[in-house]
Amino acid sequence: MKSLEDRQSPLIRIIIGSKSDILAGNSIREQLEVFQIPYDFYISSAHRNPGKTIDLAEKAEEEGIQVIIAAAGMAAHLPGILASYTLLPVIGVPLSGSALHGQDSLLAIVQMPTGIPVATVAIDGGKNAAILAAEILALSNPEIRKKIREFRKAFNS
């Protein structure tokens, strides 16, 4: 297996629903960079561009992606749409940019029907989404597991 530093293709796909969600996307990217995990990054709305969004989900596995992180606000259909078009784990990040301060996003993501699960983190919890994605990858990657151990040790001291 190539080391993380030598690997060119991304392991994690980050998708945000709108340009206005770029700060949430940045917090995810920054945490993945701490672990030196390669990722790709897209802006794609499940409502305004469903074809592109579905394509990103359907092609992810053949492109070597192992986990998808999707950040979305308001009705927050993005994580659920992605999960319904891939067998890869999807982590939803509800965003606070609504009149309900993200409660609507949280409920839309966490209440997925049986058979189409979406892991969900706290409102504006992009950093935790990245950590959870890294933990999923660490199940089969000792290099990532080591980086998480080091992160936890530094974080808890």
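I began with helix 6, where Phe151 and Phe155 both lie, 4 residues apart, about one turn of the helix. I take helices (H or I, at least four residues) and strands (E, at least two) as DSSP runs, numbered from the N terminus.

The model is predicted, so I note that local features need pLDDT of at least 70 and side-chain atom pairs count only at pLDDT 80 or more, while totals for chains, interfaces and linings use all residues. Residues are numbered from 1 along each chain as its sequence is written, and side-chain values use heavy atoms, with hydrogens and water left out.

**Aromatic pairs**

Rings of Phe, Tyr and Trp (its six-membered ring) pair if their centres lie within 6.5 Å; planes under 30 degrees apart count as stacked, over 60 as edge-to-face and the rest as tilted. Phe35 and Phe151 are edge-to-face, 5.3 Å centre to centre with 75° between the planes. This pair links distant parts of the chain, with Phe35 in helix 1 (residues 22–35) and Phe151 in helix 6 (residues 142–155), 116 residues apart. Phe35 and Phe151 are both buried, where buried means under 20% relative accessible area, exposed over 50% and partly exposed in between (1.4 Å probe, protein chains only).

Why is the pair of Phe151 and Phe155 stacked? The ring centres of Phe151 and Phe155 are 5.6 Å apart and the planes are at 25°, so I log the pair as stacked. Phe155 counts as exposed because its relative accessibility is 61%. I record Phe35, Phe151 and Phe155 as one aromatic cluster.

**Nonpolar core**

The core has 26 residues, and Ile12, Ile28, Ile37, Ile69, Val93 and Ile144 touch the most other members. At least two residues of this core come from each of strand 1 (12–16), helix 1, strand 3 (67–73), strand 4 (90–95), helix 5 (126–138) and helix 6. Helix 5 gives the largest share, 7 residues.

**Other checks**

I also looked up Arg29: its charged end sits over the ring of Phe41, 4.2 Å from the ring centre. The criterion is NZ of Lys or CZ of Arg within 6 Å of the ring centre and within 35 degrees of the ring normal.

Last, I looked at Pro142, which is found in helix 6. Pro142 is exposed, with a relative accessible area of 53%. The C-alpha atoms of Pro142 and Ser84 are separated by 30 Å, and the two residues are 58 residues apart along the chain.

Notes: A nonpolar core is a set of buried Ala, Val, Leu, Ile, Met, Phe, Trp, Tyr and Cys residues joined through side-chain atoms within 4.5 Å.
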